Amino acid sequence: MKLCGDLVLREKCAPVGNITPQVRDQLAQMAEMMDEQNGVGLAAPQVGVLLRFIVMREVKNRKDPGILHKMINPRIISKSEKICIKEEGCLSILGPDDLPIYADVERPESVIAEWTDELGARQTRELTGFSGRIFQHEIDHLDGILFIDHLSPVKREMMMRKVRKRK
C-alpha cells in the first residue's frame, strides 16, 4: 500500500486499453486488500499502478457489506447540485496509530457514474450518499488528488502533522 508522501499518489493515471488477465488479477488483489484493511474503496495508484481502475463497495453505511464493484476507466458523468459535508478517511493517509485519519470533506451528494466492468460491459449508475462519496474519493485518486486537498490550508496542515507523527 502506498502512503501519503509517495509521489505515485500524485500522478494522473492512464486509461486502461485492454482488459487483460493482469488487470483482472490486480482488481481481485485490490478487492482482497481493501477488505483486509476494512476499507470501502481502493484505487490502482494506492498499490503503485498508474492505470484508471478502482474497486469499491456500494454501501448504505460502514456496516453494510455492500456490492463489490471492479471498475475500469470509471468517470463521473454528472454531479448533483446538492452539496454535503461528511467525514472521510483514506487507507493511504495514516496517523501515528497506523489507522486512517479522518476529516470532514465537502462533495456533491450524488453522481452519475460510468465504468466498464471486468467482463467488458459498460455500466452506468447513480451513486448517492456514502457510495457516491466513495466513488468521488477514488476518482480523485486516479487524478492524483487526495481528500486532504479538499481541506482548508489550516485543516490540511493539522492532518499532515498527524501523518508526520506516524513517520
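Predicted model: local features only at pLDDT ≥ 70, side-chain atom pairs only at ≥ 80, totals over all residues.
**Exercise 1.** Work out which parts of the chain are tied together by the salt bridge between aspartate 143 and lysine 12.

*Solution.* Begin with the contact itself, in which the side chains of aspartate 143 and lysine 12 meet at 3.1 Å, N to O. Next, locate each residue: aspartate 143 lies in the loop between helix H2 (129-142) and helix H3 (153-166), while lysine 12 lies in the segment before helix H1 (21-36), so the pair ties together parts that are 131 residues apart in sequence. Finally, assign the exposure of each residue, which gives aspartate 143 as partly exposed at 26% and lysine 12 as exposed at 59%.

**Exercise 2.** Describe the salt bridge between glutamate 109 and lysine 82, and state where the two residues lie.

*Solution.* The closest N and O atoms of glutamate 109 and lysine 82 are 3.7 Å apart, and the cut-off for a salt bridge is 4 Å, so the pair qualifies. This pair links distant parts of the chain, 27 residues apart, with glutamate 109 in the loop between strands S5 (103-108) and S6 (110-116) and lysine 82 in the loop between strands S3 (67-79) and S4 (83-88). Glutamate 109 is partly exposed, with a relative accessible area of 30%, whereas lysine 82 is exposed, at 52%. To place these pairs in the whole, the count comes to 16 salt bridges, and Glu88, Arg107, Arg133 and Asp140 are linked in a network of them.

**Exercise 3.** Which elements give two or more residues to the lining of the largest pocket?

*Solution.* Start from the pocket, whose volume is about 400 Å³. Of the 25 residues that line the largest pocket, Gly39, Val40, Gly89, Cys90 and Leu91 are the closest to its centre. The elements that give two or more residues to this lining are S4 and H2, and the largest share, six residues, comes from H2. Sorted by class, the lining has 11 nonpolar, eight polar and six charged residues.

Definitions and conventions:
Residues numbered from 1 in each chain as written. Heavy atoms only, no water. Helix = DSSP H or I, 4+ residues; strand = E, 2+ residues; numbered from the N terminus. Buried < 20%, exposed > 50% of the residue type's maximum accessible area, 1.4 Å probe, protein only. 1 Å grid on protein atoms, 1.4 Å probe; cavity = no way out; pocket = protein on both sides within 12 Å on 5 of 7 lines; lining within 4 Å. Points joined across faces, edges and corners; volume = space filled by probe spheres on them. Nonpolar A, V, L, I, M, F, W, Y, C, P; charged D, E, K, R; others polar.
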